[in-house]
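Hi,

Here is the two-chain model I promised to pass on. Could you take a look when you have a moment?

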Amino acid sequence: MHIADGILSNEVCLGAGVIAAGAIGLSLRKLNDTVSLRTIPLTGMMAAVIFAAQMVKFPLLLAPAYGHLLGGVLAAIVVGPWAGCVAMALVLFLQMALFADGGWLAYGANALNMGIVGSLGGHAIYSLISRRFAGPRGTIAGAVIAAWLSVVAGSALFCVEFTLSHHGAEFDIPRLFAVMTTFHSLIGVGEALITGGVVSYLLAVRPDLIDAPHQLPGAAAGLGRVVWTGAVAALAVAAFLAPFASEGADGLEQTADDLKFAALEKERPAPVSDYEAPIPGVDVSTGAWHKVSVALAGVFGTSAVLGIAFVLGRIARSKLVLREVEATHAG
Amino acid sequence: MPADFLDRYSFGNTICHRCPASLKVLLTVGVIAGCALIPVSYWPAQGCLACLVFAGLSLAEIPLAYLIRRLVLFLPLVLMTAVAVPLARGFAGGWETAAAVVIRSMVAFLAALWLVSTTPFDRLLAAMCRLGMPRLFAGLLAFTYRYVYVLFDELARMKTAQRARTFQPQSAWRTWAGTTHLVGMLLIRALDRAERIHGAMVSRGWRGKMHDLD
């Protein structure tokens, strides 16, 4: 979702703008350094592809609604992080300057949340994972996990920007954070599925297009290793979310005590509880269960993403093996 | 894809369209920044800015129906964000913040819409170049703008072909896989096209430097 003008405060817009300008400027410089005559056609075309691909509607598997691709990770995987970052900046600029989607002052924040995090950060995660696990399975797992994380990180960044903008308003930071990240961890599953599907299709049809990082020697994709890494990642996400949740419970009571809000507090609607992982028989919105349920939601999200990565990897590998068999028979 | 899909109203001939593009960019950014800087308690100043924007829009002869259509798409998102502030306080306060968010984002949105629909994209780009946008970025934007039309057409052709091959709606999973293949194939075709364009550019003397867009 594009941030419109007026939602973030001027200082936050300025700060995000400076960071975004730095990242885009660095990417442009990197592009200029590695310049070949091909830079402009390839990067510009990649931006046009992302622009067009964002128009393609994907049916959500569970709900009668449509989602669409964000594309930062996909762009970075195909043309590299620097060109991917520039391509996302181009797409967001075009959407701002042609459709008035996203404010002019908030361009920095939009570019940061939706473009730079996905392309630069997403590519870092992707290359980390696909270097560890050789072969198509590693590439797809890297793409899927990076896509999911990029969406969640983007929403977390928006929360940070939004809270910084309204810090005078005694805002319930941890609750907003919990709602946004939990909700976007579901949206991120869609992004992960699309990115993983497109990457596995590319791997099967035109593997030369994928910018595969140099693989570490002896990197083999054993099942045990994948599961082990997945468990560690799930725990890491849970550990990342848990302090926010616990801070939420404590900070809430603190504010209530300070401002004598206790009577009001009881009537306050709790939007968080809709998105939390339900634990049967326990009221999730109270006490210590709050922190456990948010952490559990994180673990479920991570496990779902790992499952997608694993299944897509299997499909891709069987396709590749089939092709090799056919090739040997033909030869 | 109709040719006026993106620049629908920007080729008119009103006073707003004839105004120099860099002036319009500065004016728009000025209005948006002013709207963001003036506190909402000075509401007459905000009202003046809003009147200015409405005057600009009516001088540019942009149809009201178009504006309303755009606002209907835009307002729910903003309202959702704005209501988050009072909601977090149990509807006991924070309405000023919410009102400020709605007013500012509406004025800024309409101002940006005015700029976009009175200035053709290449003029806008040239103006922003003069105001200090990096040349490489502007060149890339021009290239992307040029080929967005081509890729939309390509996408429409591919969708037609896919519909022609698929007799009936399939299961959700198959639809999903088909759409994924659509995007993947679009990517492959576009990158191959970029290679061909690159070849054509080099053979016409491309040396890696964009010339003036004006």
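Below is what I found in it, chain by chain and then across the interface.

Some housekeeping before that. Residues are numbered from 1 along each chain as its sequence is written, and chains are lettered from A and ligands numbered from 1 in the order in which they are written. This is a predicted model, so local features need pLDDT of at least 70 and side-chain atom pairs count only at pLDDT 80 or more, while totals for chains, interfaces and linings use all residues.

On confidence (pLDDT is the predictor's confidence in each residue, from 0 to 100): chain A averages 73, and 60% of its residues score at least 70. Residues 216-221 of chain A fall below 50, with 13 contacts in the model beyond near neighbours in sequence. Here two residues are in contact if their C-beta atoms, placed from the backbone, lie within 7 Å. Residues 245-287 of chain A also stay under 50, and the model gives them 54 contacts beyond four places in sequence.

Chain B has eight helices and zero strands; both are DSSP runs numbered from the N terminus, with helices being H or I of at least four residues and strands E of at least two. The radius of gyration of chain B, taken over C-alpha atoms, is 22 Å, well over the 17 Å that the globule rule gives for 214 residues, so the chain is more spread out than a compact globule. That rule is 2.2 Å times the number of residues to the power 0.38. The C-alpha trace of chain B spans about 60 × 50 × 30 Å along its principal axes. Of the 214 residues in chain B, 34% are buried, meaning that 20 or more other C-beta atoms lie within 10 Å of the residue's own; exposed means 12 or fewer, partly exposed is in between, and C-beta atoms are placed from the backbone.

Helix α2(B), residues 21-37, has 17 residues and reaches 24 Å from its first C-alpha to its last, close to the 24 Å expected at 1.5 Å a residue (the expected span is 1.5 Å times one less than the number of residues). Its buried residues are B:Ala21, B:Lys24, B:Thr28, B:Val31, B:Ile32, B:Cys35 and B:Ala36. They cover an arc of only 130° around the axis, which puts them on the same side of α2(B); the arc is that of the directions from the helix axis to the C-beta atoms. On the other side, B:Leu23, B:Gly30 and B:Leu37 are exposed. The cover over the buried residues of α2(B) includes α1 of chain A, along with α3, α5 and α6 of chain B.

In α3(B), B:Leu49, B:Val53, B:Gly56 and B:Leu57 are buried. Their arc is only 100° around the axis, which puts them on the same side of α3(B). B:Pro44, B:Gly47, B:Cys51 and B:Ala55 are exposed on the face turned away from that side. After α3(B) comes B:Glu61, with a positive phi near 60°.

Now the interface: 56 residues of chain A are in contact with 63 residues of chain B. α2(A) gives the most to chain A's side, with twelve residues. That side divides into 41 nonpolar, eight polar and seven charged residues, where Ala, Val, Leu, Ile, Met, Phe, Trp, Tyr, Cys and Pro count as nonpolar, Asp, Glu, Lys and Arg as charged, and the others, Gly among them, as polar.

Cheers
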